[in-house]
2 protein chains.
Amino acid sequence: MPPDTHATKQRLLDAGQALLLRHGYHDLGIQALLEATETPKGSFYHHFRDKEDFALQVIDQYMGAVHQALDACLEDPSLPPLQRVRRFFELVTKSYQGEGYLGCLLGGLGQELAGVSEVFRKKIESCFQAIARRIAVCLEAARRAGDLPASAEPARMANLLVDCWEGAALRSRLRGSPAPLHAMLDFMLR
Amino acid sequence: MPPDTHATKQRLLDAGQALLLRHGYHDLGIQALLEATETPKGSFYHHFRDKEDFALQVIDQYMGAVHQALDACLEDPSLPPLQRVRRFFELVTKSYQGEGYLGCLLGGLGQELAGVSEVFRKKIESCFQAIARRIAVCLEAARRAGDLPASAEPARMANLLVDCWEGAALRSRLRGSPAPLHAMLDFMLR
């Protein structure tokens, strides 16, 4: 793809990610996106089949960043396993801060769309499963290191962490504050 | 208000609550609501100023039911305080079951609208605060009864419970299953 075309697509994805986080899916007009990015309509439909395809690609980009953060934290050998998990959520908190505490794109789109779209319901559930699977590996390492009880169930705990995090992210969005995120981490990873 | 008019308003609120839970706010068309309830347009605008006013009244109705469930559970002297809290969330789980596990209306509308509407952001935050306040009273009773450590902070714990519940409700919506709700309650109120 020529560099300009690639840059246009990237600009649409970046602006779309910010707009979807604030507005959600149905309230986001493609026209508003085109105006915000000064992109002609044809250019959008050159890169994306439709709004659904666009939002799915935004989710893929978002998940790319999540996996990068997971790589950076969960595979840091200088930290004990439980600290790696905590570091990951602290990094996510920092990215929420940069956006003005609008919470999590996955949680937002999941809530809005799960009741009306099997495509988004399955997509977002698979994202949460992927995150939980990676955290579970780290919790299993913590269990083997004796930092969690031998009876701990890493997969169950990892899903619980992801779920409670999403609730805290919603409350953070409602309050425009990191306090619910900190309270949740302090309780779950104390 | 004459009985028929009252019945019409109630029919709109009941159908609207179910539709808002499944579709969210922006995907719900007033026209679809009118067709589902066989109500003429003028009747809707007789009872509600606009769609926002309608959704706010649906939230009030939803909160009425939440407070009824809180009354029934938290003020049951036959149960120890922590069991009363658990009973409340079990009752909510049962109502989610009746709706096909679509999660929580407050969480859904909160996620969708907090980024674009101060009215809904404040409204839904105040709902969560009201629920947490009532649960905190019960947790304080548990603390005084010695069922929680003397150092426990009921208000903080109650907000944490509400937040984690909302995350579990989102996951329940994504999976169409009560498993995330059960896992969260077992962990938090074990």
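What follows is a short exchange of questions and answers about this structure.

Colleague: Good to start with confidence: what ipTM and pTM does the model score?

Modeller: Happy to begin there, and please keep in mind that this is a predicted model. Chain A has a mean pLDDT of 96, and 98% of its residues reach 70 or more. For the model, ipTM is 0.96 and pTM is 0.96.

Colleague: Which helix of chain A gives the most to the side that touches chain B?

Modeller: The contact takes 37 residues from chain A and 37 residues from chain B. On the side of chain A, at least two residues each come from α1 (3–23), α6 (105–113), α7 (118–144), α8 (154–175) and α9 (179–188). With 14 residues, the one that gives the most is α8(A).

Colleague: And how do the residues on that side of chain A divide into nonpolar, polar and charged?

Modeller: We are still looking at the 37 residues that chain A brings to the contact. By class, they divide into 16 nonpolar, 10 polar and 11 charged.

Colleague: Staying in chain A, how are α5(A) and α7(A) oriented to each other, roughly parallel or roughly antiparallel?

Modeller: Their axes come within 8 Å and cross at roughly 150°. Angles over 145 degrees count as roughly antiparallel. The two helices, α5(A) and α7(A), are therefore roughly antiparallel.

Colleague: Which residues of α7(A) make that contact?

Modeller: From α5(A), the contact uses A:Pro81, A:Leu82, A:Arg84 and A:Val85. By class, the contact of the two helices has eight nonpolar, no polar and one charged residues. On the α7(A) side, the residues are A:Ile135, A:Cys138, A:Leu139, A:Ala141 and A:Ala142.

Colleague: Which residues touch the most other members of the largest nonpolar core?

Modeller: In soluble globular proteins, nonpolar side chains tend to be buried together. The largest nonpolar core here has 97 residues. Those touching the most other members are A:Ile135, A:Leu161, A:Cys164, B:Ile135, B:Leu161 and B:Met184.

Colleague: Let's take one of them: why does B:Ile135 count as buried, and what does it touch?

Modeller: B:Ile135 is found in α7 (residues 118–144) of chain B, and it counts as buried because it has 25 C-beta neighbours inside 10 Å. Its C-alpha atom is separated by 8.3 Å from that of B:Leu70, 65 residues apart along the chain. Among partners beyond four places in sequence, B:Leu161 in turn is in contact with B:Ile135 and B:Met188. Leaving out residues up to four places away, B:Ile135 touches B:Val85, B:Ala158, B:Leu161 and B:Val162.

Colleague: How many residues of α6(B) are buried?

Modeller: The buried residues include B:Leu105, B:Gly108 and B:Leu113. The helix α6(B) is largely enclosed by the rest of the structure, because the buried count is nine of the nine.

Colleague: Now the backbone: A:Glu38 and B:Tyr101 have a positive phi, so which is buried and which is exposed?

Modeller: Most residues other than glycine have a negative phi. Phi of A:Glu38 is near 50°, in the loop between α2 (30–37) and α3 (41–47) of chain A, whereas phi of B:Tyr101 is near 55°, in the loop between α5 (81–98) and α6 (105–113) of chain B. With 8 C-beta neighbours inside 10 Å, A:Glu38 counts as exposed. With 21 such neighbours, B:Tyr101 counts as buried.

How values were computed: Residues numbered from 1 in each chain as written. Chains lettered and ligands numbered in written order. Predicted model: local features only at pLDDT ≥ 70, side-chain atom pairs only at ≥ 80, totals over all residues. Contact = placed C-beta atoms within 7 Å. Helix = DSSP H or I, 4+ residues; strand = E, 2+ residues; numbered from the N terminus. Nonpolar A, V, L, I, M, F, W, Y, C, P; charged D, E, K, R; others polar. Core = buried A, V, L, I, M, F, W, Y, C linked by C-beta atoms within 7 Å. Buried ≥ 20, exposed ≤ 12 C-beta atoms within 10 Å, placed from the backbone. pLDDT = per-residue confidence, 0-100. Axes fitted to C-alpha atoms, helices over the stretch in contact; angles between N-to-C directions. Parallel < 35°, antiparallel > 145°, perpendicular 65-115°, else oblique.
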